[in-house]
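Reader: I have a chain on screen and want to go through its fold. Can we take it piece by piece?

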Amino acid sequence: MKTGLTTLILPAGPAAADTAARTLHAGGLVAFPTETVYGLGADAANAAAIAHLYAAKGRPAFNPLIAHVADLEAARRIGRFDARAVLLAEAFWPGPLTLVVPKTGDCPVAELATAGLDTVAIRIPAHPVAQQILRAFGGAVVAPSANISGHVSPTLAAHVEHDLSGRIDLIVDGGPVEVGVESTIVGCFEAPMLLRPGGLARERIEAVLGEPLTRPPADVESDSSQPLAPGMLASHYAPRAQVRLNARNVAPGEALLAFGPERLPGCEMAASVMNLSVSGDLDEAAANLFGYLRSLDAKSPRGIAVMAIPEDGLGEAINDRLRRAAVAR
Ligand code: TXA
Ligand code: MG
């Protein structure tokens, strides 16, 4: 579905930030870089713009969005921060962390963006281009990852263009992103809950809290109509090729997504090989993950074999995304 829009692509800078702010005020859709992945922004207070955003992404409207703001003062106009939420905000914002907190009484974020929940997800991104756009705009911007729903998230402006050209108004190109997986989402509930592993390692959050994060009950993840821990549709981030995890060999015609220095049996027969991090660095692997999945998938291999990746640090987020990519559709 093309909406017939002409999508303008501008290099990041003050002029692009002004155009982005004007486009958002007019109810338009603007893709911009954050340190995690490219986001597709709309004015958080404009329900019509948010409806267009869901349509452009082909996204189920029960999946609520993250409100992005420039600073803690703006965050407090949207959500209520208890002592623990303040602790996390002060330790990790701006950065790759999203906090789910109760809405304020006069929360300006449209109901459509929060899917009727009485909580709201908030993030202060660290990327200078995102900061520049948020400050030029002056309000909250809801922004899911700037991809067609179900595709892998974009880490380059070219990925956004591939998925959304003709469906959105503007793409601000700020080059490759740094982190490469989406933000970690923490629910500031009675017991703080890890709703989505992401670009900030669980260990770092637990060290600040002085207590472990709980996980949502297992049945929530498989029930796609249940909005407590969304982003959690079982099949998500999916390439077209079938993804095979914890591979110990490569079958003829398969592509290989490698990790670390080991060479798997059969890798000389692979359709294509990309290594997330030859040295086994999980931060480097996270930054490469979505781009490499897209590149391998573009070669239309018989399947994509993925080597085992350790579960510590950003490995938890990488394995979460890979498990979703591997769900058969
Ligand atoms: O890094 C990121 O978080 C990127 C960049 C653009 O900021 N954004 C992103 O947005 O990944 P999205 O829409 O792809 O994922 C947002 C997640 C979804 O899983 C959504 O269900 C969850 O946040 N979410 C939003 N509001 C929520 C709420 N009130 N309670 C629980 N989960 C919520
Ligand atoms: Mg997404």
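Reader: Which residue in β8 does Val30 stand opposite?
Author: Val30 stands opposite Leu170 in β8. Bear in mind that this is a predicted model.

Reader: How many bridges join β2 to β8, and do they run parallel or antiparallel?
Author: Strand β2, residues 30-33, is joined to strand β8, residues 170-173, by 2 bridges, and they run parallel.

Reader: OK, the whole sheet then. What is the strand order?
Author: The order is β1-β8-β2-β3-β7-β4-β6-β5-β9-β10, which makes 10 strands in an open sheet with mixed pairing. At the edges are β1 (8-11) and β10 (193-196), each of which pairs on one side only.

Reader: Which strands does helix α4 touch?
Author: Helix α4, residues 83-92, packs on the sheet and touches β5 (97-102) and β9 (184-187). The direction of α4 makes about 160 degrees with that of β5.

Reader: Stay on β9. In what sense does β9 pair with β5, and in what sense with β10?
Author: With β5 the pairing is parallel, over 4 bridges, and Thr98 stands opposite Ile185 of β9. With β10 it is antiparallel, over 3 bridges, and there Val186 stands opposite Leu194. A hairpin of 5 residues connects β9 to β10.

Reader: Are the residues on the faces of β9 buried or exposed?
Author: Buried, on both faces. Thr184 and Val186 are on one side, Ile185 and Gly187 on the other. In a regular strand, side chains alternate between the two faces of the sheet.

Reader: Change of topic: the core. Which residues have the most contacts inside the largest nonpolar core?
Author: Ala31, Ala67 and Val172, in a core of 103 residues. Helix α10 (residues 282-298) gives the most to this core, 9 residues.

Reader: Where does the core lie relative to the domains?
Author: Domain 1 (8-222) and domain 2 (243-326) both contribute residues, so the core lies between them.

Reader: And what does Ala67 touch?
Author: Leaving out residues up to four places away in sequence, Ala67 touches Ala44, Ile78, Val109, Val120, Ala121, Ile122, Ala140 and Val142.

Reader: Last one, the domain contact. How many residues of each domain are in contact?
Author: 15 residues of domain 1 are in contact with 15 of domain 2. On the domain 1 side, these divide into 6 nonpolar, 6 polar and 3 charged. The C-alpha centres of the two domains lie 27 Å apart.

Definitions and conventions. Residues are numbered from 1 along each chain as its sequence is written. Chains are lettered from A and ligands numbered from 1 in the order in which they are written. This is a predicted model: local features need pLDDT of at least 70, side-chain atom pairs count only at pLDDT 80 or more; totals for chains, interfaces and linings use all residues. Two strands pair if DSSP finds at least two bridges between them. Two residues are in contact if their C-beta atoms, placed from the backbone, lie within 7 Å. Axes are lines fitted to C-alpha atoms, for helices over the stretch in contact, and angles run from 0 to 180 degrees between N-to-C directions. A nonpolar core is a set of buried Ala, Val, Leu, Ile, Met, Phe, Trp, Tyr and Cys residues joined through C-beta atoms within 7 Å. A residue is buried if 20 or more other C-beta atoms lie within 10 Å of its own, exposed if 12 or fewer, and partly exposed in between; C-beta atoms are placed from the backbone. Domain bounds come from an automatic or database domain assignment. Ala, Val, Leu, Ile, Met, Phe, Trp, Tyr, Cys and Pro count as nonpolar, Asp, Glu, Lys and Arg as charged, and the others, Gly among them, as polar.
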